[in-house]
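I opened my notebook to record what I looked up in this structure. The entries follow in the order in which I made them.

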Amino acid sequence: MEFYLSVMTFTLISVIAVTGVYVLTGLTGMFSLGQAAFMAIGAYISGVLVVKVGLPFALAAIIAIALSVLVGYIVGLPTVRLRRDYISLVTLGFGEAITALLNQMQSITGGALGFSGIPQKTTFTLAVASAAVCIALVAYFKASKYGRQCIAAKSDELAAKAMGIDVARIKMIAFLFSVAVTAYAGVLYAFYTTYVDPGIFGWKKSAEWVIMVFFGGVNSLTGSIIGTAILTALPEMLRFAAEYRTVFYSILVLLIINFKPAGLFGEYELSLKSLGIGREKKNAA
Amino acid sequence: MSLQIIINGLALGSVYAIIATGFSLIFNILKFSNFSHGALMTLSAFIGYFFAVTVNSSLLLVVAISMLAGGLVSCLGELVAFRKITLSNTSPIYFFVSSITLGTLYEGIVTIWVGPNFYNYPRFFETTVVKLGSIVISKSDLIMFVSSCAALALLMLFIQKTKFGRALRSVSFDRETAGLMGIDVIRIIQLAFFLSGALAGLAGVFLGINYTLYPQLGNLVVKGFIASVIGGLGSVFGAVAGALLLGLTETLLINFAGSGYAPVFSFLIMLVFLLIRPQGIAGSNVQEKA
């Protein structure tokens, strides 16, 4: 039971991170290969604040998210005006820089050995509640004016501009939103494992998240979440060796991109309406 | 002392240039950032390594084998991951994901094949340094610099002077029109992938000699990416200029602050460049094309 609970908690944390990636990649069509670095920032800052400064967990989490968003703003500032390739190249460089910084600043972060002694605050209940809130926020964002502007900018930037959408601004909003969500996933992660090291936040992690989004369906939040759940939980349960897991992932996703580019779920979104209950039934009655 | 830094910087920059050029070739022709380039470097470097160990061959042969392997794997990758997207003309986003996935696949294969260990190329030369007065140049740096220059010069000659080079340029400029003019677009794309893969093999061997050989060696591709951002995405000339500039600045800064901070420096250099001159040295496509 303990094992399944831990697998589920990790899966939920991944789901939270991927909802952040979904906002960026699924809605806005941008790729961040430094997204895991924001998770690292969230994890390390909150961990250091609690362990070394003695702040309460909630306050540390809020400060960590705020600082991540600030850093995200600095990274995003020169890139949102340029073509979308830049954001992936710049965030890739950013991720490597953060990993190097974490390795170098040994007195604060513990260097390559990692930072340990973080109290365990993340419970399964907290993870469930957080995931629910994040999913709801992202779903709301997608349905809001901003979400629609994101989708417009993703499909055709020039046309979106012609319709009066401030593309650079909407890209920045999406980027910062996704950074905040991912940083929060980092906080939860640090306070669940009680130990973080720089190695796990490389660009591979970010790439894995992008792959998960595409596996489920790049246009569907439901698909992204279910895709993440499948790709995270299943290999854990089956106890695959980690190397085989990545190969297995990659082949699966290459197949999907080649033969079903819209992903498993296409445009489908889970809602009361699509399940055939709720509003429609009322109308029929 | 300062001359020493310049020489080391140029040697480093020349490898970055090889990476950045291979990346730019693909960016030019299919307009996407090929993130499988780094893992391809590692894969072909390992093929070269195992060849060197089993056959006990010279450096030249290892380089040739790695380049050939890189080129062939790159072509295969194009067939598996990009061909369908090219033909169906869907969103460039898919190229992106395909390349990231392909990179993960290569790296996964390498990890399964060799394990997480570190490998060293056999020593190819007896003496390791060349002395010119007070300046010490390591022999591998020298060979690296010379062969990078030779490879780039050959590539430029090929692109500018031959029939295939002209076709390559026209497909990069406008794929559809080039097709209408009777150019076999798919074959030219394959050619670009072969050239890019061969350059990845070359860079992989040199990085493997300079550092050690391990499955995550491909992460150094970031330097090539940064170089091409500084130089201007998609411009081969810009990539070379950006790479040399990056190599020099990085060597200089490392000299003051230690090599652990190198990724931080290259990131900051890129950020400053993007703020001041987003179009890069060569000044090319920064806006999304409609």
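**Entry 1: a residue in chain A**

I looked up A:Ile211 and found that A:Ile211 is buried, because 26 other C-beta atoms lie within 10 Å. I noted the cut-offs: a residue is buried if 20 or more other C-beta atoms lie within 10 Å of its own, exposed if 12 or fewer, and partly exposed in between, with C-beta atoms placed from the backbone. I also noted that this is a predicted model, in which local features need pLDDT of at least 70, side-chain atom pairs count only at pLDDT 80 or more, and totals for chains, interfaces and linings use all residues. Residues are numbered from 1 along each chain as its sequence is written, while chains are lettered from A and ligands numbered from 1 in the order in which they are written.

A:Ile211 has its place in helix H10 of chain A. Helices (H or I, at least four residues) and strands (E, at least two) are DSSP runs, numbered from the N terminus.
Which residues does A:Ile211 touch, not counting residues up to four places away in sequence? I listed A:Tyr249, A:Val253, B:Ile100 and B:Thr101. Two residues are in contact if their C-beta atoms, placed from the backbone, lie within 7 Å. I then checked A:Leu254, which is 43 residues from A:Ile211 along the chain; their C-alpha atoms are separated by 9.6 Å.

**Entry 2: a second residue in H10 of chain A**

A:Ala207 is also placed in helix H10 of chain A. I recorded A:Ala207 as buried, because 26 other C-beta atoms lie within 10 Å. Leaving aside neighbours within four places in sequence, A:Ala207 is in contact with A:Leu33, B:Ile100 and B:Thr104. The C-alpha atoms of A:Ala207 and A:Ile62 are separated by 26 Å, and the two residues are 145 apart along the chain.

**Entry 3: where the chains touch**

I turned to the contact of chain A with chain B, which takes 40 residues from each of chain A and chain B. On chain A, H4 (85-104), H8 (157-162), H10 (203-216) and H12 (242-259) each supply at least two residues of the side that touches chain B. The largest share of that side, 14 residues, comes from H4(A). By class, the side of chain A that touches chain B has 24 nonpolar, 9 polar and 7 charged residues. Ala, Val, Leu, Ile, Met, Phe, Trp, Tyr, Cys and Pro count as nonpolar, Asp, Glu, Lys and Arg as charged, and the others, Gly among them, as polar.

**Entry 4: a covered helix in chain B**

How many of the 11 residues of helix H9 (residues 221-231) of chain B are buried? I found 11 of 11, and H9(B) is mostly covered. Among the buried residues are B:Lys223, B:Phe225 and B:Ser228. The cover includes H4 of chain A together with H1 (2-30), H2 (37-55), H10 (236-257) and H11 (262-276) of chain B. Just after H9(B), B:Gly232 takes a positive phi of about 110 degrees.

**Entry 5: helix pairs in chain B**

Helix H6 (residues 163-173) and helix H8 (residues 185-210) of chain B pack at an angle of about 105 degrees, with their axes 10 Å apart. Axes are lines fitted to C-alpha atoms, for helices over the stretch in contact, and angles run from 0 to 180 degrees between N-to-C directions. H6(B) and H8(B) are therefore roughly perpendicular to each other. Angles under 35 degrees count as roughly parallel, over 145 as roughly antiparallel, 65 to 115 as roughly perpendicular and the rest as oblique. The contact of H6(B) with H8(B) has 9 nonpolar, no polar and no charged residues.

The axes of helix H5 (residues 139-161) of chain B and H6(B) come within 5 Å and cross at roughly 75 degrees.

**Entry 6: a hairpin in chain B**

Strand E1 (residues 129-132) and strand E2 (residues 135-138) of chain B run antiparallel and are joined by 4 bridges. Two strands pair if DSSP finds at least two bridges between them. I found B:Val129 opposite B:Ser138 in E2(B), and B:Lys131 has B:Val136 as its bridge partner. The hairpin has 2 residues between the strands, and in this hairpin B:Gly133 takes a positive phi near 65 degrees.
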